[in-house]
Amino acid sequence: MRPRLWLLLAAQLAVVRGSSVLQQTPAYIQVQTNKMAMLSCEAKISLGNMRIYWLRQRQAPSSDSHHEFLALWDSTKGTVHGEEVAQEKIAVFRDASRFILNLTSVKPEDSGIYFCMIIGSPELTFGKGTQLSVVDFLPTTAQPTKKSTPKKRVCRLPRPATQKGPLCSPITLGLLVAGVLVLLVSLGVAIHLYCRRRRARLRFIKQPQGEGISGILVPRCLHGNYSNTATLKKLLSPWILKTIGKKHRSR
């Protein structure tokens, strides 16, 4: 005689309705083959020494579609397994008001709807159930395709080359400034001498006629001191005498 045969028969005959007394989470879970699944059943009333039963209903269509007793939790014995149940795969433990069914190394044939249940006087109270689906490969969420935006070209200006080496010392700068000043002074002196010579030539050319020697105009400053023509010719350069002669003949 099977001691729990009456329990399975009562589960088949009872109207299975979800109760707010026993809250099961999650409502649906999908687990990969050979992984672990944890199902929770929380009691909203004080159970005292009442036992929590875990049942499984195979997913239809199946010839084995009935409530299968898996295990229960007892306050003194702990986990009590049903017949023909692999005890190494199923364990029930309590955490305050929550009763957790732990399934290890699940297979596709472990898929189904799992119910937690308590036996009252005289009715049975079920949770709303948790649907377990065991698959070989978990579906991956398709990521939305991202449009590749062309990268904008950024024109970068060349960076100025940084000067390497020691900077000019104050002594070097001082020498450069002094050299520039010397050049400016020399240029000023040269310009001044040129202007003086040019003014002297103009005064020499504009001497009044009759104050020259043999038709050559002689500056007034030379009259009286050098009355001899030979002496004047020695003093005046040939180029000046030639220039003066041309001016005199053109008149």
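How many disulfides does the structure hold? The count is 1. Before I go on, please keep in mind that this is a predicted model.

The disulfide joins Cys 41 to Cys 116, with an S to S distance of 2.1 Å. The angle about the S-S bond is 65 degrees, and the link is right-handed. Cys 41 sits in strand 3, residues 37–43, and Cys 116 sits in strand 9, so the link ties together parts that are 75 residues apart in sequence. Are these two cysteines buried or exposed? Cys 41 has a relative accessible area of 0% and is buried. Cys 116 is also at 0% relative accessibility, so it counts as buried. For Cys 195, the relative accessibility is 32%, which makes that residue partly exposed.

Next, strand 5, which covers residues 67–74. Here 8 of the 8 residues are buried, so the strand is largely enclosed by the rest of the structure. The cut-off for buried is under 20% relative accessible area.

Which strands pair with strand 5? One is strand 4, residues 52–58, which runs antiparallel to strand 5 and is joined to it by 6 bridges. Within that pairing, Gln 57 has His 67 of strand 5 as its bridge partner. Another is strand 6, residues 78–81, again in the antiparallel sense, over 4 bridges. There, Asp 74 stands opposite Gly 78 of strand 6. Strands 5 and 6 form a hairpin, and 3 residues lie between them.

Now some backbone details in the loops. Where is the cis peptide bond at Pro 26 placed? The bond runs from Thr 25 to Pro 26, and its omega is near -5 degrees. Pro 26 belongs to the loop between strand 1, residues 22–25, and strand 2, residues 28–32.

Glu 84 has a relative accessibility of 79%, so it counts as exposed. The cut-off for exposed is over 50%.

Ser 105 is in the loop between strand 8, residues 98–103, and strand 9, residues 112–119. With a relative accessible area of 38%, Ser 105 is partly exposed.

That is what I have on this model.

Conventions. Residues are numbered from 1 along each chain as its sequence is written. This is a predicted model: local features need pLDDT of at least 70, side-chain atom pairs count only at pLDDT 80 or more; totals for chains, interfaces and linings use all residues. Side-chain values use heavy atoms; hydrogens and water are left out. Buried means under 20% relative accessible area, exposed over 50%, partly exposed in between (1.4 Å probe, protein chains only). Helices (H or I, at least four residues) and strands (E, at least two) are DSSP runs, numbered from the N terminus. Two strands pair if DSSP finds at least two bridges between them. A disulfide is a pair of cysteine sulfur atoms within 2.5 Å.
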